[in-house]
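Me: I have a structure open and have not seen it before. Please show me how to read its features one at a time.

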Amino acid sequence: MNMKTGLSQEQSLKLHLSQELKQAITLLQYNAMELEQYVQELALDNPLIEINEQVNPNVFYHRRRSQGASGDYSQIDLIGSQSRSLAEYLFDQLRMIGETNRIVKGTRMFAEQVDENGYLDENAGIRCHGFSAAEEEECLRILQSLDPAGVGARNLQECLILQISRHQRKPKSAMDIISRYFKLFADHSWKELARISGYKIQEIQDTYDYIQTLHPKPGSTYEGTHASYIIPDLVIERAGEGFEAGCNEAALPEISISSEYEALKNQSGQEELKKYLSAKQQQGMWLLKTLDQRKETMVKVMKEILSVQQAFFQTGKTELLKPLTLNDLAEACGIHESTVSRALKGKYVQTPYGTLEMKFFLTNKIGSITESDQSAAAAKEMLMRLINNEDKTSPLSDQMIAAVMLERHDLKLSRRTIAKYRDQLKIPASSIRRRYTEASND
């Protein structure tokens with residue numbers, strides 16, 4: 001092989017992203033809260049950037065359907081919403097149980113091992129701290145007698161048993177079924193359970209209905225109860241017969257470039273200072289320009305969504321959403337698909353029907369024998385309505401649902417697609433949805 005070394009020249013084109021362009025891309029994918037945090041961090045480093053306090057920055061637009069129209073809450077209501085951990089609640093109860101200090105100490109050690117759902121690990125114990133087996137058992141018994149009912153259980157079965165034991169009004173078969181036949185009961189192998197246990201199907205059904213009223217995670221209402229707020233980036237409001245899309249100005253940080261340093265730039269000498277102030281001024285100006293571009297892009301995308309999904313905005317019915325993809329929006333807006341994706345990422349819009357994620361309006365087209373524009377969102381809405389109205393003693397299988405969708409709505413969906421939509425809607429299979437009656441025993 002003849003190998004030689006030498007120098008040669010060639011031309012090539014490479015795309016380089018400037019620092020400013022990277023900043024523009026980053027800002028576009030930030031939602032309102034992330035953007036505010038970013039600007040505040042930038043202002044700490046740049047003395048020329050001034051953030052003006054807004055008159056009413058904490059405006060939340062999420063509409064509560066279950067509360068009164070005013071949305072006002074009394075101070076009494078707010079007391080119940082104050083954050084309190086499960087461990088603190090258990091410790092408060094231990095102060096009043098009237099046991100010896102040693103038992104209280106051991107029970108407190110157990111309480112410290114309870115997880116956020118109220119469960120203990122299988123290996124949880126206090127014998128390694130010098131407690132005997134009898135003391136450990138007594139401490140565990142006391143812990144499991146505290147509120148909330150079911151706390152201190154090692155598994156779901158024990159948690160349910162602890163809750164059942166406190167109830168006076170319960171099906172007679174409930175404790176026995178959960179204690180001895182929990183696996184068959186949970187697997188919905190009810191006919192097998194009835195054959196082995198001798199209970200009637202109706203008794204098992206009554207136990208199932210009762211179990212639905214219990215709490216599988218008794219500690220979850222204490223931990224992580226901080227409400228998460230959403231600040232919409234965009235607002236859609238009625239304008240005459242139609243709607244208008246605009247930016248939520250209250251969610252944007254109001255910034256300006258300080259002029260206090262202009263005098264320093266005009267002083268003779270101080271070249272390093274002049275260079276520093278010029279760079280910071282340029283950074284501030286670029287930030288203002290980037291924020292305007294972000295706002296313009298988001299409003300442009302939202303207006304296109306508004307024009308396509310007019311039927312939804314007129315009625316608020318999800319089944320009227322038309323097929324719309326990222327590619328459709330990119331072509332209509334004349335921008336790249338990745339730009340549309342960044343403009344939608346984590347963004348919310350305030351509509352007359354509540355605060356909705358912008359991706360809510362994107363939905364794929366599905367097959368229809370009449371070639372009409374039917375979206376996946378519409379199909380899911382029809383699927384949910386169909387299952388809500390079905391006869392629970394003889395629920396529809398996925399194959400039967402596909403046949404009904406084709407017959408009633410001209411939607412050609414496969415059984416696998418029905419199963420996928422059902423999973424996305426968290427609807428169980430027909431075997432689990434079925435309700436048993438007295439006639440089912442025959």
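Reply: Take two side chains to begin with: F313 and F361 are both buried. Keep in mind that this is a predicted model.

Me: Which residues form an aromatic cluster with F313 and F361?

Reply: The cluster consists of F243, F312, F313, Y353, F360 and F361. The structure has 11 aromatic pairs by the rule used here.

Me: How are the rings of F312 and F361 arranged, stacked or edge-to-face?

Reply: Planes over 60 degrees apart count as edge-to-face, and those under 30 degrees as stacked. The planes of F312 and F361 stand at 75°, with ring centres 5.7 Å apart, so this pair is edge-to-face. F312 belongs to helix 14, while F361 is in the loop between strand 6 and helix 17, 49 residues away. Both F312 and F361 are buried.

Me: What about the rings of F313 and F361?

Reply: Their planes are at 25° and their centres 5.3 Å apart, so F313 and F361 are stacked. This pair also links distant parts of the chain, 48 residues apart, with F313 in helix 14.

Me: How should I read a nonpolar core, and how many residues does the largest one have here?

Reply: In soluble globular proteins, nonpolar side chains tend to be buried together. Here the largest nonpolar core has 39 residues, and V301, M302, I305 and F361 have the most contacts inside it. Elements giving two or more residues to this core include helix 1 (19–29), helix 2 (32–45), strand 2 (234–239), strand 3 (242–247) and helix 13 (271–308). Helix 13 supplies the largest share, eight residues.

Me: Which residues does M302 touch?

Reply: Leaving out residues up to four places away in sequence, M302 touches L234, I236, A245, F313, V349, M358 and F361. Another core, of 20 residues, lies apart from the largest one; I103, L143, L146 and V151 are among its members.

Me: How do I read a sheet, and in what order do the strands come here?

Reply: Strands of a sheet pair through backbone hydrogen bonds, either parallel or antiparallel. In this structure four strands make an open sheet in the order 3-2-5-6, with mixed pairing. Strand 3 and strand 6 (354–357) are the edges, each pairing on one side only. From one strand to the next the twist averages 25°.

Me: In which sense do strand 2 and strand 3 pair?

Reply: They are antiparallel, with six bridges between strand 2 and strand 3. Helix 13 lies across strand 2, strand 3 and strand 5 (348–351), and runs at about 160° to strand 3.

Me: Where does a charged side chain lie over a ring?

Reply: R102 lies over the face of F131, 4.3 Å from the ring centre. Likewise, R108 lies over the face of F91, at 3.8 Å from the ring centre.

Me: Which peptide bond is cis?

Reply: The bond from D147 to P148 is cis, with omega near 0°. P148 is in the loop between helix 6 (133–144) and helix 7.

Me: What is phi of D410, and is D410 buried or partly exposed?

Reply: Phi of D410 is near 60°, a positive value in a residue other than glycine. The residue is in the loop between helix 18 (398–409) and helix 19 (415–424). With a relative accessible area of 28%, D410 is partly exposed. K426 also has phi near 60°, but it counts as exposed, at 75% relative accessibility. K426 lies in the loop between helix 19 and helix 20 (430–433).

Technical notes
Residues are numbered from 1 along each chain as its sequence is written. This is a predicted model: local features need pLDDT of at least 70, side-chain atom pairs count only at pLDDT 80 or more; totals for chains, interfaces and linings use all residues. Side-chain values use heavy atoms; hydrogens and water are left out. A nonpolar core is a set of buried Ala, Val, Leu, Ile, Met, Phe, Trp, Tyr and Cys residues joined through side-chain atoms within 4.5 Å. Buried means under 20% relative accessible area, exposed over 50%, partly exposed in between (1.4 Å probe, protein chains only). Contact means heavy atoms within 4.5 Å. Two strands pair if DSSP finds at least two bridges between them. Axes are lines fitted to C-alpha atoms, for helices over the stretch in contact, and angles run from 0 to 180 degrees between N-to-C directions. Rings of Phe, Tyr and Trp (its six-membered ring) pair if their centres lie within 6.5 Å; planes under 30 degrees apart count as stacked, over 60 as edge-to-face and the rest as tilted. A charge sits over a ring if NZ of Lys or CZ of Arg is within 6 Å of the ring centre and within 35 degrees of the ring normal.
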